[in-house]
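Let's take a walk through this model together, one region at a time. Please keep the sequence and the 3D view open as you read.

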Amino acid sequence: MMENRFVNQQVRPDGDLAYRILDGELTWFPLPAGGVLPRELRDAERETDNLGRLHPGTEHARFWSHTLPRIIELSARCTPGVTWWCAPVLDFAPATYAGYSWGSHPVVQLSTANRTRHVVSLAYHEAAHSCEHLCSDAEFDAWNVAAHSTEAWDEDYDDRPEERRAILFEAAATFLACGGDLLTHPAAPANAVLGAIYSGAIGQRRVTRQAVCAPVVTVKPSLSARLLGAVGLGGVSDWLQVPSET
Ligand SMILES: [Zn+2]
């Protein structure tokens with residue numbers, strides 16, 4: 001196991017890697033062929049059933065030098081206190097996902113080998129899902145109205161309300177990251193909430209425990225204890241469920 005606060009742009013370890021990112025801190029692990037499951041998910045009090053298993057795959061050639069540093073930065077800014085697990089392939093059998101936010105449970109997963117959209121764009125999408133329950137009613141309403149002001153998406157999945165909201169933020173965040181000004185963005189009525197998610201003002205509520213809406217998923221005491229500071233202190237076996245040799 002190697003640890004580093006910052007990605008050395010010249011040296012990437014060989015092999016397939018899983019990345020664990022929390023508050024700007026990166027740890028990476030070699031991925032076994034059979035995949036691994038973050039213990040934070042195994043212990044979550046919901047029917048995970050090995051959903052979200054991390055598998056090897058082929059990342060974008062510039063993922064390490066160009067994409068990973070941006071994910072580290074935006075995850076720390078938009079979702080403080082949320083653990084991001086990134087790996088080439090996310091196995092949510094029978095499907096693979098480009099990304100997944102576990103709602104109010106502070107874990108986000110991201111595929112580093114996705115080809116449907118840029119990984120940074122998808123990272124903003126998952127950050128939006130992760131911040132949604134931290135919004136006030138007024139913020140949520142403004143965001144939701146703006147998200148439904150456009151035509152229906154072709155895919156039923158994308159047309160779901162939560163996906164519409166995440167896609168709207170994904171577009172706004174990409175616009176801001178490229179130097180755009182939200183005052184001129186088509187989703188003007190939602191400028192305040194979109195800007196607050198982007199800046200991290202809303203994500204910070206998780207840390208300061210000022211969330212307006214109560215979490216909808218309970219967490220086992222054993223997991224709570226780990227999340228309250230001890231999560232970074234263990235070895236690989238504390239974080240990953242590695243398949244047995246047999
Ligand atoms: Zn989504």
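Which residues in α5 meet which residues in α6? Phe169, Ala172, Ala173 and Leu176 in α5 meet Leu194, Ile197 and Tyr198 in α6, where two residues are in contact if their C-beta atoms, placed from the backbone, lie within 7 Å. By class, this contact of α5 with α6 has seven nonpolar, no polar and no charged residues; Ala, Val, Leu, Ile, Met, Phe, Trp, Tyr, Cys and Pro count as nonpolar, Asp, Glu, Lys and Arg as charged, and the others, Gly among them, as polar.

Before going further, a word on the model. It is predicted, and local features need pLDDT of at least 70, side-chain atom pairs count only at pLDDT 80 or more, and totals for chains, interfaces and linings use all residues. Residues are numbered from 1 along each chain as its sequence is written.

The protein chain comes to nine helices and 11 strands; helices (H or I, at least four residues) and strands (E, at least two) are DSSP runs, numbered from the N terminus. Of its 246 residues, 38% count as buried. A residue is buried if 20 or more other C-beta atoms lie within 10 Å of its own, exposed if 12 or fewer, and partly exposed in between, with C-beta atoms placed from the backbone. Among contacts in the chain with a separation of 6 or more, residues 24 or more positions apart account for 68%.

Back to the helix pair. The axes of α5 (residues 161-177) and α6 (residues 191-199) come within 10 Å and cross at roughly 65 degrees. Axes are lines fitted to C-alpha atoms, for helices over the stretch in contact, and angles run from 0 to 180 degrees between N-to-C directions. So α5 is roughly perpendicular to α6, since angles under 35 degrees count as roughly parallel, over 145 as roughly antiparallel, 65 to 115 as roughly perpendicular and the rest as oblique.

Helix α6 has other partners too. Its buried residues are Val193, Leu194, Ala196, Ile197 and Tyr198, and they pack against α2 (63-78), α3 (119-131), α4 (137-147) and α5. Just after α6, glycine 200 takes a positive phi of about 100 degrees.

In α5 you will also find phenylalanine 175. Phenylalanine 175 is partly exposed, with 18 other C-beta atoms within 10 Å. Leaving aside residues up to four places away in sequence, phenylalanine 175 touches Gly180 and His185.

Now turn to an open sheet of three strands, in the order β5-β7-β8 with antiparallel pairing; two strands pair if DSSP finds at least two bridges between them. The edge strands are β5 (53-55) and β8 (95-97), each pairing on one side only. Three bridges join β5 to β7 (residues 89-92), and histidine 55 has valine 89 as its bridge partner in β7.

Most residues other than glycine have a negative phi, and most peptide bonds are trans. The peptide bond from alanine 93 to proline 94 is cis, with omega near 10 degrees, and proline 94 sits in the loop between β7 and β8. Aspartate 23 has a positive phi of about 50 degrees although it is not a glycine. You will find aspartate 23 in the loop between β2 (17-22) and β3 (25-30).
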